[in-house]
Amino acid sequence: LFVMVGVLMFLLSFCGCMGSLRENICRLQTFPLCLTIIFLLQLAAGVLGFVFSDKAQGKVSDHQQCHCAGSTEPD
């Protein structure tokens, strides 16, 4: 998941740089729009993570126990 997000951010940044170098108005207008959408998605994920923190913590604990014990399914 982190690799996919990293690749997405790289491509978005690259398109922003190329739009700036070539003075392409379409790319220059799309770049801040995409950044705003990504920011709002991250903000929503943070708020949902805070609201459902106890459920998220339980899922993470189950996932850690599953992988540390070597099994494929949580108990």
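This is a predicted model: local features need pLDDT of at least 70, side-chain atom pairs count only at pLDDT 80 or more; totals for chains, interfaces and linings use all residues.
Of the 75 residues in the protein, 8% are buried. The protein contains 3 helices and 0 strands, and its elements, read from the N terminus on, follow the order α-α-α.

Helix 1 spans residues 2-22 and comprises 21 residues, reaching 30 Å from its first C-alpha to its last, which is close to the 30 Å expected at 1.5 Å a residue. Within helix 1, the residues Leu12, Gly16, Met18 and Gly19 are buried. These residues lie on the same side of helix 1, because the arc they cover around the axis is only 165 degrees. The cover over the buried residues of helix 1 includes helix 2, which runs through residues 25-51. On the face of helix 1 that is turned away from its buried side, the exposed residues are Phe2, Val3, Phe10, Leu21 and Arg22.

The connection between the two helices is described next. Glu23 follows helix 1 and is placed in the loop between helix 1 and helix 2. Although Glu23 is not a glycine, its phi is positive, at about 55 degrees. Glu23 is also exposed, with a relative accessible area of 64%. Asn24, in turn, caps the N-terminal end of helix 2, where a side-chain oxygen of Asn24 lies 3.2 Å from the backbone nitrogen of Cys26.

Helix 2 itself has 27 residues, and the distance from its first C-alpha to its last is 40 Å, close to the 39 Å that would be expected at 1.5 Å a residue. The UniProt record, an unreviewed entry, places the feature "transmembrane region" at residues 29-52. In the model, the span of residues 29-52 is 96% helix and 0% strand, and the C-alpha atoms at its ends lie 35 Å apart.

Taken together, the model shows a protein of 3 helices and 0 strands, in which helix 2 is part of what covers the buried residues of helix 1, while the exposed Glu23 occupies the loop between helix 1 and helix 2.

Notes:
Residues are numbered from 1 along each chain as its sequence is written. Side-chain values use heavy atoms; hydrogens and water are left out. UniProt positions are given in the numbering used here, feature names are shortened, and annotations may be inferred rather than shown by experiment. Helices (H or I, at least four residues) and strands (E, at least two) are DSSP runs, numbered from the N terminus. The expected span of a helix is 1.5 Å times one less than its number of residues. Buried means under 20% relative accessible area, exposed over 50%, partly exposed in between (1.4 Å probe, protein chains only). The arc is that of the directions from the helix axis to the C-beta atoms. Contact means heavy atoms within 4.5 Å. A polar contact is a pair of N or O atoms within 3.5 Å; within protein, one must be able to donate a hydrogen and the other to accept it, and residues adjacent in sequence count only if both atoms are side-chain atoms.
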